[in-house]
There are 2 protein chains.
Amino acid sequence: MSLRAVLLITLQREPGTGYDVLQRFRTGLAHVWQASHQQIYRELDKMHRERLLSCQTVAQYDKPDRKVYHITSEGIAFLESWLASPLGAQPVRTPLFAKFFVWERWPADARHAELASLRNTLEERMDSYQAIESAWFSSPDSLLPHERAPWHTLRLGKRLTQTWLAWIDEVLEEDREAIS
Amino acid sequence: MSLRAVLLITLQREPGTGYDVLQRFRTGLAHVWQASHQQIYRELDKMHRERLLSCQTVAQYDKPDRKVYHITSEGIAFLESWLASPLGAQPVRTPLFAKFFVWERWPADARHAELASLRNTLEERMDSYQAIESAWFSSPDSLLPHERAPWHTLRLGKRLTQTWLAWIDEVLEEDREAIS
DNA sequence: CCTTGATATGCAACAAGTTGCATTTAATAT
DNA sequence: ATATTAAATGCAACTTGTTGCATATCAAGG
């Protein structure tokens with residue numbers, strides 16, 4: 001249900017096409033939700049059939065039509081009820097935890113490679129968070145009320161990423177000591 | 001694929017039935033992976049059909065049979081190749097982030113309720129981590145080599161949970177100030 | 001001129017995970 | 001005595017997410 005809710009949230013802020021939403025998932029919403037284009041197109045179509053969205057097909061000269069989706073009153077109601085119902089606890093399901101659990105079975109260089117590659121991914125994520133922060137929340141002291149929550153969310157994302165990074169550095173350091 | 005890998009890891013350490021694995025997911029493996037009994041039974045059956053596991057049916061007097069699964073050499077090979085291939089970055093998909101993104105639209109008491117309930121869940125998770133630590137890693141200075149990685153994994157789980165808790169407390173505090 | 005990449009959309013098959021239901025035995029609580 | 005919970009297993013239908021393929025236009029670079 002969460003993909004649905006995220007789509008409703010972003011289309012309520014501004015109507016758009018599947019492709020528009022995909023771009024938002026890659027930029028301003030990257031710290032909140034990510035999904036592939038296939039998932040987005042399929043879900044938008046399904047939500048349209050269920051009347052949560054309306055769709056204006058904009059014909060374009062010599063180009064495929066753009067399907068611009070708008071939230072409907074039913075969509076708003078659905079979103080409100082999603083917001084009102086508390087989320088249950090999410091199950092622990094982090095593939096990396098599983099790998100690290102048998103860490104000692106890897107050859108030393110493979111360990112280093114996996115950690116370094118993960119470190120890289122997380123650094124990139126930090127950069128994209130930083131870019132979002134600069135673009136949207138340059139002055140945290142003067143945030144509008146509706147900007148405060150997205151800012152807090154971003155802050156949590158940054159801190160969780162930092163926690164990961166610090167841990168990786170510690171494990172890398174310990175590995176280095178073990179080798180020497 | 002990760003569920004498969006976790007099942008192979010735990011069955012390699014010690015063979016067991018679906019129910020045994022379920023118990024492990026609830027206790028010693030709770031910080032690594034969680035899955036429902038349906039998922040476990042189905043996956044074990046599938047892995048057996050694919051020869052990654054062998055199965056001894058132990059008839060019990062006046063009770064349903066116990067199906068004890070053992071890892072096969074094919075299972076070991078599968079696990080090795082999973083360990084050797086680096087994991088890609090996991091997509092960001094945290095329902096709570098989506099909700100917090102539109103935080104300002106909730107009534108104040110609903111916000112407090114959701115955060116408090118989440119705080120509670122995380123406290124419980126911390127407790128279970130603590131229990132695992134006491135039971136398995138009481139003396140971190142004298143860990144056996146194969147215990148070091150699970151211990152690190154647990155430590156990361158604890159820190160991530162603490163990061164969440166600290167963030168929740170800050171947001172709760174800000175909310176309290178806003179009301180007064 | 002041709003290739004690559006971005007724009008823009010979609011289908012079909014599959015894998016992963018959830019929900020609801022169903023069974024039997026044994027132990028414990030009211 | 002009866003009810004509930006835990007032990008132990010499983011099916012069927014569904015939702016969610018992935019992978020591979022397919023299409024068409026346009027702009028930029030070699």
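A residue is buried if 20 or more other C-beta atoms lie within 10 Å of its own, exposed if 12 or fewer, and partly exposed in between, with C-beta atoms placed from the backbone. This is a predicted model, in which local features need pLDDT of at least 70, side-chain atom pairs count only at pLDDT 80 or more, and totals for chains, interfaces and linings use all residues. Residues are numbered from 1 along each chain as its sequence is written, and chains are lettered from A and ligands numbered from 1 in the order in which they are written.

**View 1. Arg51(A) in its loop.** Arg51(A) sits between helix 3 (37-49) and strand 1 (53-60) of chain A. Helices (H or I, at least four residues) and strands (E, at least two) are DSSP runs, numbered from the N terminus. Arg51(A) is not a glycine, yet its phi is positive, about 65°. Most residues other than glycine have a negative phi. Arg51(A) counts as exposed because it has 12 C-beta neighbours inside 10 Å.

**View 2. Arg51(B) in its loop.** In chain B, the loop between helix 3 (37-49) and strand 1 (53-60) holds Arg51(B). Its phi is positive too, about 65°, although Arg51(B) is not a glycine. Arg51(B) has 12 C-beta neighbours inside 10 Å, so it counts as exposed.

**View 3. The rotation axis relating chains A and B.** Chain A superposes on chain B by a rotation of 180° with 0.0 Å of shift along the axis (RMSD 0.1 Å). That is the relation of a two-fold axis. Within chain A, Leu160(A) comes closest to the rotation axis, at 3.2 Å (C-alpha).

Definitions and conventions:
Least-squares fit on C-alpha atoms with pLDDT ≥ 70 in both.
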